[in-house]
Amino acid sequence: MKKLHKKVVYLFAFFLQLNLAVFGQNPNGATSQLQIQRVDLKDSILIQEIKKFIQSEIVKEKGFKVVGYITISKIRNSANDIIKRYHINKNYVNFDELKNDSQFPLFYSYVDSKIILLKGEIESFVDKKFSNRSKKHFQRIIEPFLYKVKLMQAPSIDGKSKKKTPHREGERIQLHGGIDVSIFINGRVEVMPSKFY
């Protein structure tokens, strides 16, 4: 009986620790520092649709071959015959502001040498707080996919002294566009221009 009790206690402690790690909390209630992690995409249909999307965006804008990255969000759906729904889009926004944890992804991957940032449902439940080391590491990883930093000279308020400020020429936020990919139980795949982003 004592051995069974010990096993139950150990199992409880293990699952408690696991839950706290997933939801970014430590036993004292303070936010843990998350690590941005590289993952391998397993969904072959999703990978195929990402490849098609990258190629179609390069045709529209040749510069996307070098600059820009892909964001993927999982979409909640109410249809019974759909297994998964994804929103795929491109973006160019930098990650220069270390204090803005919400902009950093929890996971990233690569498809055809293009970096893919993954946003999951768990992020809506968690107040993300990454370690500075993890954010700086991610900044180095994503830098090759961003517009280069240039110093722009602008006059100060007094109009006398000139101050150089960092600026990324060509950078923009992609608010709309992209595609929604629905994967059905019977294996059918439906790709539609996104109406919601």
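From the N terminus on, the elements of the protein follow the order α-β-α-β-β-β-β-α-β-β-β-β, giving three helices and nine strands. Helices (H or I, at least four residues) and strands (E, at least two) are DSSP runs, numbered from the N terminus. The model is a predicted one, in which local features need pLDDT of at least 70 and side-chain atom pairs count only at pLDDT 80 or more, while totals for chains, interfaces and linings use all residues. Residues are numbered from 1 along each chain as its sequence is written, and side-chain values use heavy atoms, with hydrogens and water left out.

The pLDDT, the predictor's confidence in each residue on a scale from 0 to 100, averages 80 over the protein, and 75% of the residues score at least 70. Over residues 2-30 the pLDDT is below 50, and this stretch has 16 contacts in the model beyond near neighbours in sequence; a contact means heavy atoms within 4.5 Å. Where pLDDT is low, the predicted coordinates should not be read in detail.

Seven strands form an open sheet of mixed pairing, in the order β1-β4-β5-β2-β3-β8-β9; two strands count as paired if DSSP finds at least two bridges between them. The edges are held by β1 (37-38) and β9 (189-193), each with a single partner strand, so one side of each lacks a neighbour in the sheet. Two bridges link β1 in the parallel sense to β4 (residues 107-111), with Arg 38 opposite Tyr 108. Helix α2 (residues 44-60) packs on the sheet, where it touches β2 (69-74), β3 (82-91), β4, β5 (114-119), β8 (179-184) and β9, and its direction makes about 30° with that of β3. Helix α3 (residues 132-142) also packs on the sheet, touching β2, β4 and β5, and its direction makes about 140° with that of β5. Axes are lines fitted to C-alpha atoms, for helices over the stretch in contact, and angles run from 0 to 180 degrees between N-to-C directions.

Strand β2 is largely enclosed by the rest of the structure, because five of its six residues are buried; buried means under 20% relative accessible area, exposed over 50% and partly exposed in between (1.4 Å probe, protein chains only). Six bridges join β2 to β3 in antiparallel fashion, and here Lys 74 stands opposite Tyr 86. With β5, β2 runs parallel over four bridges, and Thr 71 faces Leu 117 across this pairing.

The largest nonpolar core has 19 residues, and those with the most contacts inside it are Ile 50, Ile 54, Ile 70, Ile 72, Ile 88 and Ile 116. Such a core is a set of buried Ala, Val, Leu, Ile, Met, Phe, Trp, Tyr and Cys residues joined through side-chain atoms within 4.5 Å. At least two residues come from each of α2, β2, β3, β5 and β8, with α2 supplying the largest share, five residues. A second, separate core of 15 residues includes Phe 104, Leu 106, Phe 130 and Ile 142.

Lys 65, in the loop between α2 and β2, is exposed, with a relative accessible area of 62%. Beyond its neighbours within four places in sequence, Lys 65 is in contact with Ile 58 and Lys 114. Across the protein, buried residues make up 34% of the 197 residues.
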